[in-house]
Protein chains: 2
Amino acid sequence: MGVRRLALTPPEAAGRRWVVDQMRALDLAVRVDRIGNVYAHRRGLRPELAPVLIGSHIDSVATAGIFDGCLGVLGGLEVIRALDEAGVETVRPIEVAFFSEEEGARFGTDMLGSAVATGRIPLEQAYALIDRGGVSVREALEAIGFLGEAPELLDPPHAYLEVHIEQGPTLAARGLELGVVTGVQAISWRELQLTGKSAHAGTTPTELRCDAGLVAAQIAVEVRRMATSGEFRDLRGTVGVLRPHPGLVNVIPGRCDMTVDLRSPDDAALEAAEAHISAFVERVAAEEKVALESRQTARTATVRFDERLQERIASAADQAGLRYERLVSGAGHDAQEMASICPSAMIFVPGENEGISHNPRELSTPEQCAAGVSVLLEVALGLAQEEDA
Amino acid sequence: MGVRRLALTPPEAAGRRWVVDQMRALDLAVRVDRIGNVYAHRRGLRPELAPVLIGSHIDSVATAGIFDGCLGVLGGLEVIRALDEAGVETVRPIEVAFFSEEEGARFGTDMLGSAVATGRIPLEQAYALIDRGGVSVREALEAIGFLGEAPELLDPPHAYLEVHIEQGPTLAARGLELGVVTGVQAISWRELQLTGKSAHAGTTPTELRCDAGLVAAQIAVEVRRMATSGEFRDLRGTVGVLRPHPGLVNVIPGRCDMTVDLRSPDDAALEAAEAHISAFVERVAAEEKVALESRQTARTATVRFDERLQERIASAADQAGLRYERLVSGAGHDAQEMASICPSAMIFVPGENEGISHNPRELSTPEQCAAGVSVLLEVALGLAQEEDA
């Protein structure tokens, strides 16, 4: 089942209104902030204490499945419903939030709403971002009626919890029911432009070639070698773009554009990998007499989730008899923004079809979703009963 | 200086008429055959003997230089002019020809005119070829007024000689003034479709990837290794097409189309190289769990030019004090078709700008051209004075 719910579009606004109706039906106090983040507040016995915040997002990429983001938001509301049904009152308030434009699929900056809420991206800068049609974030918020009045800067919650689908194959491949997320890996993106010389594939001797496509292929092979050698620990490396020009069977590529995506849960290992591939690229380009331009297009450091929260998630999973492991998130999430202002952690739910995501085939079973949300309930409840800061 | 003179178009017809005028000005008897090949005949003292044929082509690719083909045709007319000016009569007739659609750039089949003249391609099959606009060869010949009446099948000449630019960097790189062409290398083209699994570059562990782009890169690197290892003698290998899909920085390529162009002056070495790369492709595809479809899109065996003619060219070059070497042609030429019906050989002239061709920067100096044509004159004259078959 597929959806297309790009941030701050009419279909996403319909989703927002539906979720807000669910929140109100649970008697929650709903507030919308100035970047369109929506918070639903359940009272605590001591309202002056910082709340436990549960969140995620409901926007999607252009060809999405139905679980990415929504699981964490609706899972949060399910926690509220369970507490209500059991007649449980908590010391601290509990809030359930969804953040604007987590995907970055419309305005180009991912984790936008949570980054504004935690102060990493200033509100005015966020407002000024435009989509491909020239519509700004502020105009889009106004158009859908979600330009709220609540302050965009969030008072630090007591803790932040997010349930999310894994979006990868690891948990299912290992027969696991849950993942305790230890953090988000560091990311390094680089664009390379290689310039050699186009020449005739039949008449040009090997030693006189300046084959930009060959250099790109050597780099792609080295990136995989680095990922499997153990030399850079748990490095992941991907060459997704590789475009030789002119792209004809009998013409030696005179130019080649490519990208290198390196990720690691270890900042030092990623730095070492970046240094290694840079030196490798320079060496093979020089050997082939190919000129090189290189540009870093993204770079983020690792984020580590709170150890105590990880322990609580693991212990709740143990009590529920769930098979789980700790793992690092390969993708970015709102939780990595929240981690800068409060103890944060994530619970991963396995995905069928080898964890395919950003695709209508994205699927987690009701049992898999329920396991993740049960653990969320357990951990959120424990945190909400803590009197101390 | 660039030209665009696609076969049997109005610009090429203008070129044909200009060359025919040159031929008539030299008092040659011009005949046009049924595939539009044009032959200019200079009488011999013994008209019953088979003529010495000098030829090449005047059609061009879409973005061509001015030397490719024309040098051989106008060089042939220069030989006639030199003989006339010196008052030399020859025992055998000498003919100068230009063949239709050598490039294959309009109707998709290269060496078309010479292949029809030597019987490899039947006339009706050649007539039926169409260009992108649906115009047939026959219609195009009629439209430009070059659908001749002379029989298309050529009576075997005494010998065939062709002067051509090298279209590669070898002669210039070695400081040579002439190349004695030993033959045309064998060519093998293959198209590969690799199908793996598109997946998230961040969340998919290395050991669970089926990266079609990586397999393509491994093949490209192996093709170069084969060309430099010595294992397959003078193999040339090129990967000109390599298209990973979807081609996004953070998506593992789930599909990749590519081509492999292998060439060798040694048929056995090319067969060994084909077998080696096929086995390599199957192995690396299986290792990455990538499915493979493979299709041979071109395959020709080597052509060897006549040894005795090569000797005569070398000896004429020696007498003229020219620095020369023997080399294999990397590209196809009309001479390889003629070689099937008579002793044939080619003389290569070096090119400036690293031998760039099919490009307006294509350039051979007047001195380089004159050296090649002087040797052509010497060899053609010797052959035209031979009484024996």
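This is a predicted model: local features need pLDDT of at least 70, side-chain atom pairs count only at pLDDT 80 or more; totals for chains, interfaces and linings use all residues.

Tutor: Residues are numbered from 1 along each chain as its sequence is written, while chains are lettered from A and ligands numbered from 1 in the order in which they are written.

Student: Which residues of helix 8 of chain A are buried?

Tutor: A residue is buried if 20 or more other C-beta atoms lie within 10 Å of its own, exposed if 12 or fewer, and partly exposed in between, with C-beta atoms placed from the backbone. In helix 8 of chain A, the buried residues are Leu270(A), Ala273(A), Ile277(A), Val281(A) and Ala285(A). They lie on the same side of helix 8 of chain A because they cover an arc of only 85 degrees around the axis, the arc being that of the directions from the helix axis to the C-beta atoms.

Student: What does the face turned away from the buried side carry?

Tutor: That face of helix 8 of chain A carries exposed residues, among them Glu282(A), Arg283(A) and Glu287(A). Just after helix 8 of chain A, Lys289(A) takes a positive phi of about 55 degrees.

Student: How many residues does each chain give to the contact?

Tutor: Two residues are in contact if their C-beta atoms, placed from the backbone, lie within 7 Å. Chain A gives 45 residues and chain B gives 45 residues. Helix 7 of chain A supplies the largest share of the side of chain A that touches chain B, nine residues; helices (H or I, at least four residues) and strands (E, at least two) are DSSP runs, numbered from the N terminus.
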